Amino acid sequence: MPSIGAAMDHGKTQTPYWKPLFDSYAPARQWMAEHRPDVAVIVYNDHANAVDLDLVPTFALGTAESYEVADEGWGRRPVPPVIGAPDLSEHLVRELVDDSFDIATRGPGRASA
């Protein structure tokens, strides 16, 4: 939900509407603080930010070095780009394709289905 980032950016996380949602993140934040993973696999709906209607895959996997944060309707968020893991991403693509999983990829300067 794009409005979650806007709620964070505008200091609304403790308002009655948003507080239950943001309070529910506490266990995950605690776990992340204690375990600090090397990489995270993020599953999300693109909302047509990086993939347009010319390519509408059931599943897509990014393989780039980094990803710019999209403007989801409230202006670009003041956060750094998301760092990618291209070697891991390309390994996952190869393994998924080898197992007959139909996946689209999008990386620097290339897009394929």
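This is a predicted model: local features need pLDDT of at least 70, side-chain atom pairs count only at pLDDT 80 or more; totals for chains, interfaces and linings use all residues.
Start with the charged side chains. The model holds two salt bridges. One joins R77 and D9, with nitrogen and oxygen 2.8 Å apart. This pair connects distant parts of the chain. R77 sits in the loop between β2 (66-67) and β3 (82-83), while D9 belongs to helix α1 (residues 3-9). The two are 68 residues apart. R77 has a relative accessible area of 23%, so it is partly exposed. D9 is partly exposed too, at 35%.

The other bridge joins K19 and D23, at 2.7 Å from N to O. Here both partners lie in helix α2 (residues 19-24), four residues apart, so about one helical turn separates them. In an α-helix there are 3.6 residues a turn, so residues three or four places apart point the same way. K19 is partly exposed at 33% relative accessibility. D23 is partly exposed as well, at 38%.

Now turn to helix α4, residues 86-98.

Which residues of α4 are buried? They are P86, S89 and V93. These three cover an arc of only 60 degrees around the axis, so they lie on the same side of α4. The face turned away from that buried side carries D87 and D98, which are exposed. After α4 comes S100. Its phi is positive, near 65 degrees.

Note on methods:
Residues are numbered from 1 along each chain as its sequence is written. Side-chain values use heavy atoms; hydrogens and water are left out. A salt bridge is a side-chain nitrogen of Lys or Arg within 4 Å of a carboxyl oxygen of Asp or Glu. Buried means under 20% relative accessible area, exposed over 50%, partly exposed in between (1.4 Å probe, protein chains only). The expected span of a helix is 1.5 Å times one less than its number of residues. The arc is that of the directions from the helix axis to the C-beta atoms.
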